[in-house]
Amino acid sequence: MFSVLEMFTVGVGPSSSHTVGPMCAASAFVSSLRKSGVLGQVARVRAVLYGSLSMTGMGHGTDRAVVAGLEGSMPEDVDIEHLLNIRQECEQRGTLMLGGEQQIAFDYAHDVVFEMWQRLAAHPNGMRFQVFDAAGDVLDEQVWYSIGGGFIRLGGKDDPMIGIHERPAKGMTFAEQETGGQVDFGPEVPYHFSSCGELMAVCERTGLRVSEIVWANETAMRPADEVRERLLHIWHMMHGCILAGCSSTKEILAGGLEVRRRAPRMYQRLSPGSDALRRDHHRGEAALDALESSDAAWVNLFALAVSEENAGGGRIVTAPTNGAAGIIPAVLQYYWSFVDGADEDGVVRFLLTAGAIGYLFKRNGSISGAEVGCQGEVGSACSMAAGGLCEVMGGTPRQVENAAEIGIEHHLGLTCDPVGGLVQIPCIERNAMAANTAINAVRMAMFGDGSHLVSLDQAIKTMMDTGADMMSKYKETSKGGLAVNVVEC
């Protein structure tokens, strides 16, 4: 059963697929050991990282995330300082507290393996967990996949392996094995849709807006008060992340590139005139006036603040991924700060609409940079933000689709080539550019009548086709593009 609330989860940086997902997978593995009664017999644990997780895992903190997950931590509540120093602490002790209750010997350098020559065929982000008893016999072995946005999936221990740069044979990947049925609404919801075309048909048949359709579905699965409370909690976490990024005293992002945080200094330069982060900030008299007079500098700041918090391993909202986590908060903060009449009802409608668009990407495409490149992360987030903003600006369902389609169409082919395997260059600036693109997409859609030649469904399919054609070195391996043309000093 799918809920749009799953598109927005509180996690930790720098990556949803390389940090959040592996931590969740490791924690799930330990939970299964506890459930089967094996946990107390474990003397040693081993984690093997494959594909993109091995190629850029060190820069993304994948090893640290896995170890924290083996300890029983989850992204929403893990101690961030402990996570940043977990390797040093484990090496100093020589032990690991498996599941928070079973102390075992642990050799960090040998028990966490970066497999650089082979990968699991089903998905680029695969990992294998094994536990052994005191005699060295295998007690349990599981394969897990981090499939983007923090979502994980259990595989089989005999899943086929291929060379690190080899293309999978026909029928070996998730996308070829399935038709999307793994990601769908529960049977009790009133409005089922599996494509944007079907969503538009529902809107036209019922006369309801996109957010009203999604609200009806969500409140069929859980109480209305809970849905509203959780969505507003997401917004408060996003807003808090912007504030944290604007006030951070850590000047340099860790990782070795010596990238300086820009948000704190930028905020100091922008705020004396009129502080857009304050609720009494002056806003335009009409919604369309805000689109005409948007302050791109503030939008840049909002996105940079969140992206720098993510790159620094801080607490963020996965929306729909960590690498693209600055886009939706920036556009939502723009709505809150610059659009006259902005209120919490609008925030809820924004997130409901954005979540519906994210569901379409998740169901019919991908939000994994390791699978389709950055078009699946930044592109999908831009599309979601554009659709959400268009909804609260009064756009019709067709205008919402148009804005969302513009958002992804102009990110098609975008590669994922992080320098040094870090979510810093070009990821941070890319979030700011995409946030402003989302607002411009709404501007174009709102001054049209909603008619457009390219549908969102066609754009999502094109994204998947482009991702399939894209060489693996451009899909979060740091083996191509800027990652090899920028000299690390």
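According to UniProt, in an unreviewed entry, residues 3-153 carry the feature "domain: Serine dehydratase beta chain". In this predicted model, the span 3-153 is 36% helix and 30% strand, and its end C-alpha atoms lie 17 Å apart.

His 123 is located in the loop that runs between strand E6 (118-120) and strand E7 (126-132). Because the relative accessibility of His 123 is 1%, the residue counts as buried, the cut-off being under 20%. The side chain of His 123 reaches the backbone nitrogen of Asn 125 at a distance of 3.0 Å. When neighbours within four places in sequence are left aside, His 123 is in contact with Tyr 145, Ser 146, Ile 147, Phe 174, Ser 368 and Glu 371.

**Packing of helices H11 and H15**

The axes of helix H11 and helix H15 come within 10 Å of each other and cross at roughly 95°. Helix H11 is therefore roughly perpendicular to helix H15. The residues that make this contact are set out below, helix by helix.

| Helix | Residue range | Residues making the contact |
|---|---|---|
| H11 | residues 224-247 | Trp 235, Met 238, His 239 and Ile 242 |
| H15 | residues 327-338 | Ile 328, Pro 329, Leu 332, Gln 333 and Trp 336 |

Sorted by class, the contact of H11 with H15 comprises seven nonpolar residues and two polar residues, with no charged residues.

Conventions. Residues numbered from 1 in each chain as written. Predicted model: local features only at pLDDT ≥ 70, side-chain atom pairs only at ≥ 80, totals over all residues. Heavy atoms only, no water. Helix = DSSP H or I, 4+ residues; strand = E, 2+ residues; numbered from the N terminus. Buried < 20%, exposed > 50% of the residue type's maximum accessible area, 1.4 Å probe, protein only. Polar contact = N/O pair within 3.5 Å; in protein donor to acceptor, adjacent residues only side chain to side chain. Contact = heavy atoms within 4.5 Å. UniProt positions renumbered as here; feature names shortened; annotations may be inferred. Axes fitted to C-alpha atoms, helices over the stretch in contact; angles between N-to-C directions. Parallel < 35°, antiparallel > 145°, perpendicular 65-115°, else oblique. Nonpolar A, V, L, I, M, F, W, Y, C, P; charged D, E, K, R; others polar.
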